[in-house]
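Here is a short note to read alongside the model.

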Amino acid sequence: MSVRVRRIYEPPEPDDGLRVLVDRLWPRGLAKDEAHVDEWPKGLTPSSELRKWFHGGGSYEEFRSRYEAELEAPEAAGLVDGLRKAARGKRVTLLTASKTPEQSHAQVLLELLKG
């Protein structure tokens with residue numbers, strides 16, 4: 001399985017494969033035609049409540065636990081399965097605007113997909 005995380009503000013690369021935006025909100029200052037996003041499954045993103053809680057000072061460990069629980073819901077679980085299937089045949093690049101992707105929902109999703 002070939003999945004990785006990149007910041008959406010980095011220029012697209014030929015080996016990105018399927019480019020999937022995993023943020024609920026569109027990244028500030030980025031035109032949609034410049035982003036080269038193939039999919040934007042909002043059902044995979046943390047809920048607005050969870051995102052606000054985390055950005056309000058919640059711990060990453062608790063955020064991770066709550067987000068993993070959200071990903072077990074039927075809609076999200078189906079989207080995760082779809083990404084797993086896509087990653088079997090080609091590279092999938094999870095895109096996020098997070099300044100620290102290694103401490104974000106994108107990292108949680110990456111580890112779940114590789115899991």
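1. Read along the sequence, the pattern is β-β-α-α-α-α-β-α. That comes to 5 helices and 3 strands. Bear in mind that this is a predicted model.

2. Overall dimensions come next. The C-alpha trace spans about 35 × 30 × 20 Å along its principal axes. The radius of gyration is 13 Å, and a compact globule of 115 residues would have one near 13 Å, so the two agree.

3. On burial and surface: buried residues account for 39% of the 115 residues. The accessible surface is about 6500 Å². Carbon and sulfur atoms contribute 49% of that surface.

4. Contacts across the sequence deserve a look. Take the contacts between residues at least 6 apart in sequence: 59% of them join residues at least 24 apart.

5. Now the helix pair. Two packed helices are described by the angle between their axes and the distance between the axes. Helix H2 covers residues 48–55, and helix H3 covers residues 60–70. Their axes come within 10 Å and cross at roughly 175°. An angle over 145 degrees counts as roughly antiparallel, so H2 is roughly antiparallel to H3.

6. Which residues in H2 and H3 meet? From H2, they are Leu-50, Trp-53 and Phe-54. From H3, they are Tyr-60, Glu-62, Phe-63, Arg-66, Tyr-67 and Glu-70. The residues of this contact divide into 6 nonpolar and 3 charged, with no polar ones.

Definitions and conventions
Residues numbered from 1 in each chain as written. Predicted model: local features only at pLDDT ≥ 70, side-chain atom pairs only at ≥ 80, totals over all residues. Heavy atoms only, no water. Axes fitted to C-alpha atoms, helices over the stretch in contact; angles between N-to-C directions. Helix = DSSP H or I, 4+ residues; strand = E, 2+ residues; numbered from the N terminus. Parallel < 35°, antiparallel > 145°, perpendicular 65-115°, else oblique. Contact = heavy atoms within 4.5 Å. Nonpolar A, V, L, I, M, F, W, Y, C, P; charged D, E, K, R; others polar. Rg over C-alpha atoms; globule rule 2.2 N^0.38 Å. Buried < 20%, exposed > 50% of the residue type's maximum accessible area, 1.4 Å probe, protein only. Areas by Shrake-Rupley, 256 points an atom, 1.4 Å probe, with all protein chains shown as cover.
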